[in-house]
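Morning, everyone. Please look at the screen, and I'll walk you through the fold.

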Amino acid sequence: MKKLVLKVNIQDDKDKQKAMKAVSSIAGIDSISVNMKEGKLTVIGEVDPVEVVSKLRTKQWQADILTVGPPKEDSKQGGGGGDVGKKDKGKEATPMEFGYMNYGYPHPTIYYHLSSEENPNPCVIC
């Protein structure tokens, strides 16, 4: 099981609902939560992080992976493993760097107009 934290640019509750619906369609997800103040989407489950990011990017949201790791255990469930995980407390996760920038909007459609002067033998039915 993995805990995946993504940085997503979500503006309002409608975008939040659409993003959660898009991510929830992926198989293997146990829970999804969104922190709108920090702009973070947390996904817990057996899921490929690249698949989650690509699903959000196809729905026009800029998504960056912040952290991927095991989910934190509750102190009630841990029951006495006091030193487990203390050595990694000082390290801070850094965002992953990608070699490209996805701006989150589709490319404009380019229309071409050919005149009859450019094509001397056009087939025109009047």
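S2 and S3 form a hairpin, with 4 residues between them. Gly39 sits in that turn, and Gly39 has a positive phi of about 70°. A word on terms: strands (E, at least two residues) and helices (H or I, at least four) are DSSP runs, numbered from the N terminus. Two strands pair if DSSP finds at least two bridges between them.

This is a predicted model, where local features need pLDDT of at least 70, side-chain atom pairs count only at pLDDT 80 or more, and totals for chains, interfaces and linings use all residues. Residues are numbered from 1 along each chain as its sequence is written, and side-chain values use heavy atoms, leaving out hydrogens and water.

Ser33 has Thr42 in S3 as its bridge partner.

Now the other side of S3. What pairs with S3 over 6 bridges? Strand S1, residues 2-8, antiparallel to S3, residues 40-45. Leu4 stands opposite Val43. Val5 stands opposite Thr42.

Next, the whole sheet. It is open, with 4 strands in the order S2-S3-S1-S4, and the pairing is antiparallel. S2 and S4 (63-69) are the edge strands, each pairing on one side only. Neighbouring strands are turned by 20° against each other on average, direction ignored. Axes here are lines fitted to C-alpha atoms, for helices over the stretch in contact (heavy atoms within 4.5 Å), and angles run from 0 to 180 degrees between N-to-C directions.

Last, the helix. H1, residues 13-24, lies across S2 and S3. H1 runs at about 160° to S2.
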